[in-house]
Amino acid sequence: VPANVARVATEVAAAGREGVEVLLFPEMFLHGYDATEEQLRELALTQDSPELKQVAEAAAGAGVCVGVPYAERDGEALFNSMAVFDATGELVCNYRKVNLWGDWEQGLFQRGAPGSFEPFELATASGKAVTCGCLICYDIEFPEPSRALALQGAELLLVPTALGEGDVETATPYNVLPTRALENHVHIVYC
């Protein structure tokens with residue numbers, strides 16, 4: 001986890017120098033999607049962890065909005081989550097994946113609440129704010145979450161993923177994502 005936090009800080013600083021306003025990392029980036037259950041239980045973070053505070057500081061220092069996925073611990077429960085920081089480093093959203101994919105995710109993580117599909121304002125360093133919504137990977141494959149966010153005013157969806165290789169993995173970015181963007185009149189950042 002510390003090496004991945006350092007990588008986030010490096011990439012955020014570089015993005016800031018290039019004038020990037022929003023930077024999204026892949027699903028489970030801080031822990032790795034290939035981590036074992038034992039590793040995740042040991043290394044899962046809370047929303048107020050020092051590691052996420054470091055990401056917040058990097059976002060504020062570079063003036064870049066950052067979406068960083070991680071394994072979240074809340075009591076004994078684990079969640080596949082994403083923390084979103086605005087350009088001042090404020091945590092503006094902590095989204096917990098609702099639609100868990102496969103036996104591994106379903107056996108390890110708790111589902112986020114279905115009411116999690118709530119848009120939020122993301123303030124950029126340029127002074128513009130955009131209404132965003134979060135989904136994680138498999139969530140985008142269902143039409144309802146994107147639609148719920150769009151109907152509530154979301155203009156931009158932040159969607160990290162950990163897709164592998166194969167037909168489904170090709171169909172999602174090339175067929176599903178453009179469809180979700182078109183049917184809901186939203187932009188999608190997908191990583």
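Visitor: How many residues apart do Arg7 and Glu11 lie in helix H1?

Guide: This is a predicted model, in which local features need pLDDT of at least 70, side-chain atom pairs count only at pLDDT 80 or more, and totals for chains, interfaces and linings use all residues. Residues are numbered from 1 along each chain as its sequence is written, and side-chain values use heavy atoms, with hydrogens and water left out. Helices (H or I, at least four residues) and strands (E, at least two) are DSSP runs numbered from the N terminus. Within helix H1 (residues 2-17), Arg7 and Glu11 are about one turn of the helix apart, that is, 4 residues.

Visitor: What is the N to O distance in the salt bridge of Arg7 and Glu11?

Guide: A salt bridge is a side-chain nitrogen of Lys or Arg within 4 Å of a carboxyl oxygen of Asp or Glu. Residues three or four places apart in an α-helix point the same way, because the helix has 3.6 residues a turn. The side chains of Arg7 and Glu11 meet in such a bridge, N to O, at 3.0 Å.

Visitor: Is Arg96 buried or exposed?

Guide: Arg96 forms a salt bridge with Asp74, with 2.9 Å between the closest N and O atoms. The pair links distant parts of the chain, Arg96 in strand E4 (residues 91-96) and Asp74 in strand E2 (residues 65-74), 22 residues apart. Buried means under 20% relative accessible area, exposed over 50%, and partly exposed in between (1.4 Å probe, protein chains only). Whereas Asp74 is partly exposed at 43%, Arg96 has a relative accessible area of 19% and therefore counts as buried.

Visitor: How many salt bridges does a search of the whole structure find?

Guide: Besides the pairs, there is a network of salt bridges that links Glu27, Lys97 and Glu105. Over the whole structure, the number of salt bridges found is 7.

Visitor: Which residue in E4 stands opposite Met82?

Guide: Strand E3 (residues 77-85) runs antiparallel to E4, and 5 bridges join them; strands pair if DSSP finds at least two bridges between them. E3 and E4 form a hairpin with 5 residues between them, and Gly89 in the turn has a positive phi of about 90°. Opposite Met82, the residue in E4 is Tyr95.

Visitor: What arc around the axis do the buried residues of H5 cover?

Guide: The buried residues in helix H5 (residues 143-151) are Pro145, Ser146, Leu149 and Ala150. They lie on the same side of H5, because their arc, taken from the directions from the helix axis to the C-beta atoms, is only 130°.

Visitor: Which exposed residues does the face of H5 turned away from its buried side carry?

Guide: The buried residues of H5 have a cover that includes strand E6 (129-134), E7 and helix H6 (167-184). The face turned away from that buried side carries exposed residues, namely Glu144 and Leu151.

Visitor: How far apart in space are Leu156 and Cys134, C-alpha to C-alpha?

Guide: Leu156 lies in strand E7 (residues 156-159) and counts as buried at 11% relative accessibility. Beyond its neighbours within four places in sequence, its contacts (heavy atoms within 4.5 Å) include Val130, Gly133 and His187. Leu156 and Cys134 are 22 residues apart in sequence, and their C-alpha to C-alpha separation is 8.7 Å.
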